[in-house]
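Trainee: I would like to learn how to read helix packing and salt bridges. Please take me through them step by step.

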Amino acid sequence: GDEFPAATAEMWQTRADKLYDASRWINAQTAYRTLVSMAAGAMLDHAQVRLGACQYQMGATWPALTALQKLQVSDPDAGAERLYVMASAYRRLGREDSLQQQVEQLGNQYPGSEWHEQALMMAGNYFLLQKEYDKAGDYYRMSYQKFPDGDNAAAGHWKVTWQAYRERHWPEARHLLEEHIQNFPASPQVSAALYWLGRVVERESPTSAAPYYQKVVDAFPNFYYGLIARERL
């Protein structure tokens, strides 16, 4: 009854974060509102940013953007997430200049933040869809250069590598393909990198390309590139 202890702010934060991670935006928003009424410091900053993020996730782009623009936070992680959500909102609205400004500000204020890494990939993906390949490549390149051990490093590197191949920049493509295999051995694109490296080498010497195709066949016999490498061989 009345003697049962009330939930602490830490409990409310755990609940809100789990609801947010499960994409239950309305329930998460309610939990964060409760948390705002009882939290302080970094916890309060986090809850306030997540309230704006919930609005964004539910499609209320302008209200979320307006709330986050007015918000002032001192916690670094909350500050970085705030800028990331704002950049995402500008992306949805198609405001390229504002998107780039937010990503740049994120890099200046929170260069090592995971939100900066995600923002670089997000910007790269946006410009890729807009077929602005040079801009996309710049962001992808920054993603793996600034975060070589990050979760998105291999994906960003492959985007740059594949673009170099598609544009027939053969010396650069060869270097990047070799680099991808060496630096990202666990990448899901290693079989593709080996195969297309063989295709680059084959332009100069078919005989020299054979070991690359053989490696794909040996290492990835049942993969797509293993099958077409066997045919190529």
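Mentor: Start with handedness: a crossing is left-handed if the near helix is turned anticlockwise from the far one by less than a right angle, and right-handed if clockwise. Here the crossing of α2 and α3 is left-handed. Some ground rules: this is a predicted model, where local features need pLDDT of at least 70, side-chain atom pairs count only at pLDDT 80 or more, and totals for chains, interfaces and linings use all residues. Residues are numbered from 1 along each chain as its sequence is written, and side-chain values use heavy atoms, with hydrogens and water left out.

Trainee: At what angle do α2 and α3 pack, and how far apart are their axes?

Mentor: Axes are lines fitted to C-alpha atoms, for helices over the stretch in contact, and angles run from 0 to 180 degrees between N-to-C directions. Helices are DSSP runs (H or I, at least four residues), numbered from the N terminus. Helix α2 spans residues 25-36 and helix α3 residues 41-57; they pack at about 155°, axes 9 Å apart. That makes the pair roughly antiparallel (the cut-off is over 145 degrees).

Trainee: Which residues of α2 and α3 meet?

Mentor: Contact means heavy atoms within 4.5 Å. From α2, the residues include W25, Y32 and L35; from α3, they include M43, L44 and L51. By class, this contact has 10 nonpolar, five polar and two charged residues. Nonpolar covers Ala, Val, Leu, Ile, Met, Phe, Trp, Tyr, Cys and Pro; charged covers Asp, Glu, Lys and Arg; the others, Gly among them, are polar.

Trainee: How many salt bridges does a search of the whole structure find?

Mentor: Side chains of opposite charge can pair when their charged atoms come close. The criterion is a side-chain nitrogen of Lys or Arg within 4 Å of a carboxyl oxygen of Asp or Glu. The search finds six. One of them joins D138 to R141, closest N and O atoms 3.5 Å apart. Both residues lie in helix α8 (residues 133-146), three residues apart, about one turn.

Terms used:
Helices (H or I, at least four residues) and strands (E, at least two) are DSSP runs, numbered from the N terminus. Angles under 35 degrees count as roughly parallel, over 145 as roughly antiparallel, 65 to 115 as roughly perpendicular and the rest as oblique.
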